Structures are given as C-alpha cells and as structure tokens.
There are 2 protein chains.
Amino acid sequence: MFESAQIGHKISKAEWKQEIPGLREGLLDAQLDLLQSKKIPVIILVAGVDCAGKGETVNILNEWMDPRHIETHALRDLTDEELERPHMYRYWRVLPPRGKIAIFIGTWYSTPLIDNVYGAIKNAELDQQLERIVRFEKMLCNEGALILKFWLHLSQDEQKKRLKRLEKDSNTRWRVSPVDWQHYKMYDKFRQVSERMLRQTSTPESPWIIVEGTDPRYRYLTIGKTVLNALRQRLDTPEPPQHEEPIPPIMSAIDDLLILRTLDLSKKIKKTDYQDELERYQGKLNLLTRHADFKKLSIVIVFEGNDAAGKGGSIRRITQALDARQYRVIPVAAPTEEERAQPYLWRFWRHIPRKGRFAIFDRSWYGRVLVERVEGYCAHTDWMRAYGEINDFEEQMHRKKTLVIKFWLSISQEEQLQRFKEREKVGFKRFKITDDDWRNREKWNEYELAVCDMIDRTSTEIAPWTLVEANDKYYARIKVMKTVCERIENALGK
Amino acid sequence: MFESAQIGHKISKAEWKQEIPGLREGLLDAQLDLLQSKKIPVIILVAGVDCAGKGETVNILNEWMDPRHIETHALRDLTDEELERPHMYRYWRVLPPRGKIAIFIGTWYSTPLIDNVYGAIKNAELDQQLERIVRFEKMLCNEGALILKFWLHLSQDEQKKRLKRLEKDSNTRWRVSPVDWQHYKMYDKFRQVSERMLRQTSTPESPWIIVEGTDPRYRYLTIGKTVLNALRQRLDTPEPPQHEEPIPPIMSAIDDLLILRTLDLSKKIKKTDYQDELERYQGKLNLLTRHADFKKLSIVIVFEGNDAAGKGGSIRRITQALDARQYRVIPVAAPTEEERAQPYLWRFWRHIPRKGRFAIFDRSWYGRVLVERVEGYCAHTDWMRAYGEINDFEEQMHRKKTLVIKFWLSISQEEQLQRFKEREKVGFKRFKITDDDWRNREKWNEYELAVCDMIDRTSTEIAPWTLVEANDKYYARIKVMKTVCERIENALGK
C-alpha cells in the first residue's frame, strides 16, 4: 500500500517555480467560490508517519489560501467539557459550516491507531472503531461535505534522517521528543497498523490519498493540486437534480397489523391513584439524582408523539422532581442559520449534556424520519439513511454513559379531535391550534406508518422506545415517570 | 437596608390559594408573549443569605412557567475552557437570547462577596469589582435586557432554625455542610458586606429587590408577582421611537488638526530591506511563541483600516510566522441570526482565544463606532456608549493576560483611489470593488472623524492603538510585525 510512496518522488525547483503561481491563484479562486456559494463544507485531514511534514503542509495550505476562511484544529488534550461528552463531541463542535474549510491535524484516526500499536485495544476493537469512523464520514459526505484525507508516508530510513537533522539544529531540536525515537523503533508495527487502518477506511466517498513525504516540493504540490482539483470538481459540477436512488419502498406489514395499533389506548388510572403515584415517583427520581454515582451519568430524554398527546405535561412532571440547575429542556424549533450550515444532527449535538445533568428534548432528531419524511421536506434517501445515522449517534452517547430514554406518546384520532376542539374552544393562545395541526391530522395514516418504521428501525437495546398509551393523561404521565426511574435505577446498578 | 425584610412577612394559605392560579396563568401568558415577540432577553438573578430558599425559589419559577424556555445556571467550578478566558466568559456564553429567560443562582456577585468576607480582597478591590459589574449590567440593559435581581434575606435566628431543621431530616441533611455553619457564625460580616454590595449595585436600570425569605409563600408570591409585573411592563410598553437623548455632539479639534493627519504617509522601505526585516521579525515572532511562558498568554489582534489599506496582507505576514494550530483569523461579517439575538459584543466574546493562542480579527467590535456610526446603523446613544463598553471589554481581557494589539492601517485618499482603480482593472473577483467601497469613500471626512474619536477614546495604556502609515505596503507590514513582537516580548517580561 505504501510502495509507491517510497520510490523517491521529486519535483525540481524549476518545475515548482513554474507551477506555484497558477496553483495559488487557482486555490484562492476556488476558495472564494466556495465561500460565496456556501455550497459545501470542506474537511481536510492530514495524517501520517511522524516527521513526514504534517505541520509544514498545513502551514503551507494556510499560506496559499486565505487563512481567514480556514480553521486548523489539532488534537490536544481533551478539555473537561469534552471529556464528559461523547467521543466525537470535540470534532462535532468544530466542524466547518458550508463555505468554509477546516484542516485537522491529529484526527479521529490518531487514537485508534496509537491504541492498537501500543496494545491498548485488540484488532477486533480497532476494526469496530474504524467502522464507526467510516459511518461518520459517510454521514458527513451524505450531508454534502467534501472530505480529503491525506496520509504522508516516509520510509524508515528517511524518518531516521529527519529525526537526526531536526536534532542537529538548535532551532528545531525541541521538536524531537523521546516518544519520536520510540515510534521510530516501532516503525514496522506502525506501518502494519496504518495499512490496516487505511485499507478499511478508504471509501468511495472519502478515499485516502497517500503522499510520499520525503521531498517537500513534491508533497506540497501533490496536496495543493489534489485540493484544487477536488474543490473545482465539486464547485463546477451542478448539483444533480435531487437524485432519488432507486430504493425499495419500505413494505408495511401486509396484514395491516401495526405496532401502534396494538396499544390499548383505553388504559386509565384514577385521579387519586395518579396523585399518589406521581408523588412517589417524583420522590424516587429526586433521590436517584442524589445517588453518589449519578454524577457519572448523563440523561437524554426524547419526547415524540401525536400533536396534543401531552408531551409538555409529561416533561413538567419530570422537571418538577428535579433541581432546576440539573436540567435543560430543549424545544426543537426551526433550525437557525448557523444550524442550517451544518450536518442535520449538529443542532442536537450541541445540546448533549455534561455528566450529572439532563437534557430533555421536546421533539428531536426523529423529525427527520417523521415530519420531514411525511411532508417530503427531505429526499427519500436522506430519511432512509437517517435511521442508521441516528442509531450511530445514540450508540455514541451510550458509550459515554449517556442514558437515552425515548417516549412516543400515542393518542387515538378521536381523542386528538376532542383535544383540538377543546383547545379551540378555550382559545387560549398557549394551545392555539394551527392549520399545520389540522393538516398533519389529515395525514394520520402516513404518520402512523412513519412512526412504526421509526420504532422498528431505531428501538435498540441501548436506546429502546417506550410507547405510551396517552389517551388518559394520568396514565401516560405515570408510565413516563416510572420508565425514567427504572432506566436510571438500572444504569446505577441498583 | 434589610430592616423591612425581617419583620415577619407572611401570606396565609387562603390568600395563597386565591392568588396562585391567576399568577401562574399570567406568567405563562407573559412568557409566551415574550417568546413570540422576541423583544428582550430576561435575566433573573437569585442571590441572598444561605438557606434563604434560593434553590426552591428557582424551582418554583420553573414550575410556574414553561421550563422549555427557561435556562437555569448555577455557579459551579470553572471548566478549564472557562479558566483560560476572561472572568465573565462563563456568563457571556450562557446569556439568554431575546425571547428567552435565564435564571442565575450563584451569580457574578458571589465571588466578590465571598472574597471580601474572607479577606481575600480589600474593600477597595471589592468596590472596583462591583463597579465593573454595574457597568456590565448597564450595558446589558442598554442592549435591551430586563434584569431582575432578587436578594433573599433571613435574620440570623431564622438562619439557625433552618440549618437545624435541615439537619434533623435525613432527606435534607446532605444539604448542610460545615461551611454553612461557618457562614452562620460570620453572619454579621456577611450582612455588612452584602449591604455594601447591594447599595453599590442597585441602579435605576437593575435595582435589587430584597425579599424576606422566612415564609415560603410570601417569598414565592413576591418574586412571582415581581417577575410578572416587570415582564408585562416591558412587553406592553411600545418601544419608544428610537429615542435620541440630547447628547452634546463630539467636538472635533477646532483647528482641524486631527491625529490621522499628523501621520507621515510617505514613509517607505526598500524591497530588499523589507525582505530582510520581514524574515527577521517572522523568525522572532515564531521564537516568541515557543517561549516557555507563552502558554500563559492569549493574543488578540485587531485590524481596522481604510478600505484597501492592506489588512489582509498584513494578517498573512503574521500567520506565516505561526503554526496553523495556534491561530484563528476571524473575518467579521454580518452577524448571524443567533448573534443578532444577543448583545452587540456577544459575537466577539465567542471568539476569545484560550491560552497560548492567537485570535486575529479582520475588522472588529470597532465597527460600532466606525461604520455603524457613520452610516447611522445605530443610534447616537448606542455608539457613544460603545466606547466605554469596549474599554471595559478590553480591560477584562487584559486582566486575564490577554494581550490586545490594535492596528489602524491608514492610507491617503489618493492612494486608495489608485488601489481601487488597479483592482477594477485586474477585475479579479477577490478584489472586487463594490458600490459600498465607493460610497464609503465619499464619506471620507466623516470616517476620518470617527476614526480619530475612536483613537482618542479607546487607545488605552492596556490596549493602545498603533497607527500604521500604510501607503507603502512594505513599511506597513514591517511596522505591524515589529509591534506584535514588541508587545509580546514586553508581556513575556523579556
């Protein structure tokens, strides 16, 4: 895999001088088009062998292009705000918006590579981590990103030469650490693991580009030209008309027996029992949040449901049991301008709570496979891939000890009609019934199907859906409270 | 000052029952109006004597209102991302946008109070810190915020009773720590310092509201009603037509001798000298950033100047000397939707760098007193108060070891004309001359006056302006590089 990258590629000074002005002009030009069109975000990863010139390469890209529209990110120690959130959080928060370029040096590949070379993780775990990265990059590409992954290669001899040269010069001596020499001795191991990594993560959407790092002119020119070509190609190709890949339609159960229809919506609870139970569960929840281990958890609660199913009321019963300092409720509204310039999930990523805290979502990332699917706000392929992306996202939270508790509040069509009418009668603006509500209602069956697909495809062991029979508000609220308590108890190992 | 808050205020159960439904209805109603009008951000501070019921009060406000549009923030340990930035950064980042409510418990008052009570800071320092807070709150109010500051008071006897009661109950025992008893013993000292604090920070825009904390019903009802009244008042009062307070016009020097006109724009440097000097200063700057103490500093560089004065070129000469991982260039564009919902300075606050890093602003917060003043984008009073607000902001950075280096790049009217024409000739889109550029040029004199006022009012010992004679690009770039090096050297105490 690295064979072609140690055969002594070279660019002469003359050739360099001839090529550079045009390349720079072209890059600046492309960067401006990118900025003005705001078409795509550009993510450039620079990885490779130690001393192969990663830092210099990044610096020259910044020099050739307009540094005002590039952000460079290096993998440093995690801050405590990052430590308490999913592994990819540190990258999520610095992804470039459409129109901008981000260069990463020390990337999401660094940790798995080092961990495997040093034996902290076995190959099986490495493969798993790489597979997650592949899915993450695929999602970014599907959301429009251009990802360029450069791997700078050096032969072992060349690496040694560089280390010695750096050590000789008093200006660069600081750059060589004992770790560098240690890595040099482990060259073969690094090479072997890197190869495995590159092989598994070179995808059609974002292939690795291996570049021989020996000759700086060759290295810079190769990378510069690759960036330019990739930018031009994306910028000059008109977006294909919303291309609908032929995806087999999801077949709903042919006997019409849908999971939602199996719910017994007549379930009820007496008001006095409700009051007792509510008090009991609120007390329990409050106690659980003061458990010594609670500060090792974060809690994400998702509320979805039919219009007027009582999401707000259920949320209030939870928050009443909590200290206001512990929770945040996130009402999902239309995305802001900054959110629209990012991948779909970005506006949810930014609300993932720290340890010991709750984030309660009033509607959520499931909008993609519900309203956006039914109303046709996104393409078939987009909501179809969302199931997998959402599962990945929830798995990431799960791996960082974030409990994901999801509720679907279900009411019957008749109950909804009655609630709508009552609300119209009260006429109180908090419960204003909009045209949207009536229109959604007309699509009852389509929504029902979308909900059932959502449940089938995203109810997982780590983040199961709890279906709540909500024709009776008291029953629904108690079921919600009980589930929240049980899930937390469970996680605390009580 | 606390006399009226220890005379045994009480609300009977009957009265409570009668008042609450209406109050809750009113609060929800006002909150919805607030949300829909997006008129103002609401900031509620809850402070006071230990055990006076701050937490419970915040919880009940969340219960009465819609918790989806309230965020509650408690003063906890600083995260490392906060530690490396100005003191107020932790508050800046969580200020509510227009339409939302944020409740702070443990506020910007806590640290000065505790520090003074424990003798860590003297009264003079306390007063200084309080004065800064007053200015901060005043700025928020001027930017439209509604600030409500509640101080919950308890007599010493009542405090003792509460501590004992909490200790008796196994459910609440955890809430009483040795620190609480220690504070109890220091009651008089706390009272005395609190009084001083309240006195100095009760302003017409945001007065303290002292509430007796003994009877919960009295406490809740007082606060609930105060919040409701304040909300209604602000929401129901039509915004006064852009009210221009009669402010004396800034008088420009009557002999027409302006600081900008004293610059000798003919200053020049030879190309060969330029190349030598540039290399020398870039090397020096690079070395400085590798100084052991450099990681204790942060660097903020501001570039302002006439159109076509060469800001971009100067910025590139700096970044060329740096590692791309160390800096970020922030090109100031039109504020985003999220930025528009916040105080003017918010969009700059978010880019303040961590230690060991540069943030280079291509245009900056000075837009307020330049383009916004000249083009009339904001009211006279708004740009007039901006001078003081900007000085406060820069002082905050300075106190946290952030160097603020500011450049005004000055060219003559003739030089600008020539550059505009050249750019039009090249016709290259990077340097497109827009109608804006030509229009700004017509207001040359007004801009000149605004720049001189800006320099006079914001060139401070801690954040001086460097005026750069920029008709000759080489000369300008070297002066910029030299200044940056000197300022950093100076800060490193070399």
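Predicted model: local features only at pLDDT ≥ 70, side-chain atom pairs only at ≥ 80, totals over all residues.
In chain A, the C-alpha centres of domain 1 and domain 2 lie 40 Å apart. Domain 1 of chain A covers residues 3-236, and domain 2 of chain A covers residues 259-491.

**Contact between the two domains of chain A**

- Where the two domains of chain A touch, domain 1 contributes 17 residues and domain 2 contributes 18 residues.
- On the side of domain 1 of chain A that touches domain 2 of chain A, the elements that give two or more residues are α4 (89-92) and α6 (123-142) of chain A, and the largest share, five residues, comes from α6(A).
- By residue type, this side of domain 1 of chain A divides into eight nonpolar, two polar and seven charged residues.

**Contact between chain A and chain B**

- The two chains also touch, with 35 residues of chain A in contact with 35 residues of chain B.
- On the side of chain A that touches chain B, at least two residues each are supplied by the helices α1, α2 (54-64), α3 (80-83), α12 (311-319) and α13 (337-340) of chain A, and likewise by the strands β2 (70-74), β3 (101-105) and β7 (327-331) of chain A.
- Among these elements, α2(A) gives the most to the side of chain A that touches chain B, namely five residues.
- The residues on this side of chain A divide into eleven nonpolar, nine polar and 15 charged.

- Lys38(A) is found in the loop that runs between α1 (13-37) and β1 (42-48) of chain A, and its phi is near 50 degrees, a positive value in a residue other than glycine.
- For background, most residues other than glycine have a negative phi.
- Lys38(A) counts as partly exposed because it has 13 C-beta neighbours inside 10 Å, whereas a residue would be exposed with 12 or fewer and buried with 20 or more.
- In chain B, Lys38(B) lies in the loop between α1 (13-37) and β1 (42-48) of that chain, and the phi of Lys38(B) is near 50 degrees, again a positive value in a residue other than glycine.
- Lys38(B) has 13 C-beta neighbours inside 10 Å and therefore counts as partly exposed.

Methods. Residues numbered from 1 in each chain as written. Chains lettered and ligands numbered in written order. Domains from an automatic or database assignment. Contact = placed C-beta atoms within 7 Å. Helix = DSSP H or I, 4+ residues; strand = E, 2+ residues; numbered from the N terminus. Nonpolar A, V, L, I, M, F, W, Y, C, P; charged D, E, K, R; others polar.
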